[in-house]
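Here is a quick briefing on a protein model. Take a look at the sequence and the structure first, then read on.

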Amino acid sequence: MARRYDTRTTIFSPEGRLYQVEYAMEAISHAGTCLGILANDGILLAAERRNTNKLLDEVFSSEKIYKLNDDMVCSVAGITSDANVLTNESRLIGQRYLFQYGESIPCEQLVSWLCDVKQAYTQYGGKRPFGVSILYMGWDKHYGYQLYQSDPSGNYSGWKATCIGNNSSAAVSSLKQEYKENEMTLKDAKSLAIKVLSKTLDMTKLTSEKI
Amino acid sequence: MECIIGIKFNDFVLIAADKTNAHSIIVMKTDENKLYQLSNNIVMAISGEKGDTTQFAEYIAKNIQLYKMRNGYELSPTAAANFTRRNLAEALRSRNAYHVNLMLAGYEKQEGPQLYFMDYLASLANVKYAAHGYGGFFSLSIMDRYHLPNLTR
């Protein structure tokens, strides 16, 4: 039944859903996990490294974590090529703001702009949505340290701790139990992240190469 | 010629402009307002070609307000000055350059009072005191001699 409505991104189904967007999120749930935790004195981003093949030449230090500007970093889960396009675009957005106003872009504005770009692909153009969920972490003078998550539909929200990618729902529920508001330092956050990742990663043992 | 003066102190910044609007020898108005409030903490005084002044000042003022509406917080005086300069510079080498000189004054919690001098060639300077127009010839030397940052009102 749903088959009739899911070949084009730009139409609703009779139940009022956008199937292409949901399928994109399905693609992300098979990708490597990323986890973000907001602490009192900073933010922690941890990502699982999937390609631990010995033949792989390490050209760049990370396939999952990207620096967007001096005050912001993001981590991606999903189709890596889509992610590259989006991170490049967000770097451009950040630099355009710096060019115009002479100061770093506030975090939420960057996230909001990029999500407007993502949303456009769900409404016009006839192209498929980006199959990437992104975790953004940054600091600005208005709101201090912030953690945001965005998904292929172009929705975003601010979080104290969250997870995307493989087994993310299990990770989010254990984060919910363990996270102590206003009492976590970066060190606590690091140990919490490792604890949660060890529960949710596929491999039997957690070694330092996996993260 | 229209005169604009600005002076910065430790706790506050002062901006003043004359109120005359003249067409060579005829004085058209003696109550012209050349000060534009860009936001709660930022004020701009503007002089130069008639028409360009109002057009540019209102354009900048409304864009500053738009930023506040979109984001819920205001631009800092430094960001507003950079934004204004960017607009002036882009117009400069296009078909519609604005022939305006302006002074931007504002207060922000982190940095304190700020005073920016900008001329029609889109040069921007963060200064302790400055003036545009013939009035500057007289006032700049007085300010050079007597300005102290800790003066009170």
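What follows is a short tour of the model, sorted by topic.

This is a predicted model, in which local features need pLDDT of at least 70, side-chain atom pairs count only at pLDDT 80 or more, and totals for chains, interfaces and linings use all residues. Residues are numbered from 1 along each chain as its sequence is written, chains are lettered from A and ligands numbered from 1 in the order in which they are written, and side-chain values use heavy atoms, with hydrogens and water left out.

**Chain A overall**

- Chain A has five helices and eight strands; helices (H or I, at least four residues) and strands (E, at least two) are DSSP runs, numbered from the N terminus.
- Take the contacts (heavy atoms within 4.5 Å) in chain A between residues at least 6 apart in sequence: 59% of them join residues at least 24 apart.

**Helix H5 of chain A**

- How far apart are the end C-alpha atoms of H5(A)? They are 21 Å apart, which agrees with the 21 Å that its 15 residues (186–200) should span at 1.5 Å a residue; the expected span is 1.5 Å times one less than the number of residues.
- The buried residues here include A:Ala189, A:Leu192, A:Ala193, A:Val196, A:Leu197 and A:Thr200.
- Looking down the axis of H5(A), its buried residues fall within an arc of 130°, so they line one face of the helix; the arc is that of the directions from the helix axis to the C-beta atoms.
- On the face turned away from that buried side, H5(A) carries the exposed residues A:Lys187 and A:Lys190.
- Strand E1 (34–39), strand E2 (42–47) and helix H4 (168–178) of chain A are what the buried residues of H5(A) pack against.

- In helix H1 (residues 19–28) of chain A, the buried residues are A:Tyr19, A:Gln20, A:Val21, A:Ala24 and A:Ile28.
- Their cover includes E4, H3 and strand E5 (132–140) of chain A.
- A:Thr87 sits in helix H2 of chain A and is buried, with a relative accessible area of 2%.
- Setting aside neighbours within four places in sequence, A:Thr87 is in contact with A:Tyr66, A:Leu68, A:Cys74 and A:Val76.
- H3(A) has 17 residues and reaches 25 Å from its first C-alpha to its last, close to the 24 Å expected at 1.5 Å a residue.
- Buried residues in H3(A) include A:Cys107, A:Gln109 and A:Leu110.

**The largest pocket**

- The largest pocket holds about 610 Å³ of space. On a 1 Å grid over the protein atoms alone, a pocket is an open set of points where a 1.4 Å probe fits, with protein on both sides within 12 Å along at least five of seven lines, and lining residues have an atom within 4 Å of a point.
- Grid points are joined across faces, edges and corners, and the volume is the space filled by probe spheres set on the points.
- Which of its 22 lining residues are the closest to the centre of the largest pocket? They are A:Tyr97, A:Tyr101, A:Gln109, A:Trp113 and B:Arg70.
- Helix H2 (80–101) and helix H3 (107–123) of chain A, along with helix H1 (52–71) and helix H2 (77–92) of chain B, each supply at least two lining residues.
- H1(B) gives the largest share of the lining, six residues.

**Residues with a positive phi**

- Most residues other than glycine have a negative phi, and most peptide bonds are trans.
- A:Asn167 has a positive phi near 60°, lies in the loop between strand E8 (161–164) and H4 of chain A, and is partly exposed at 33% relative accessible area.
- B:Ala122 also has a positive phi, about 60°; B:Ala122 is in the loop between strand E8 (112–118) and strand E9 (124–126) of chain B and is buried, at 4% relative accessibility.

Note on methods
Buried means under 20% relative accessible area, exposed over 50%, partly exposed in between (1.4 Å probe, protein chains only).
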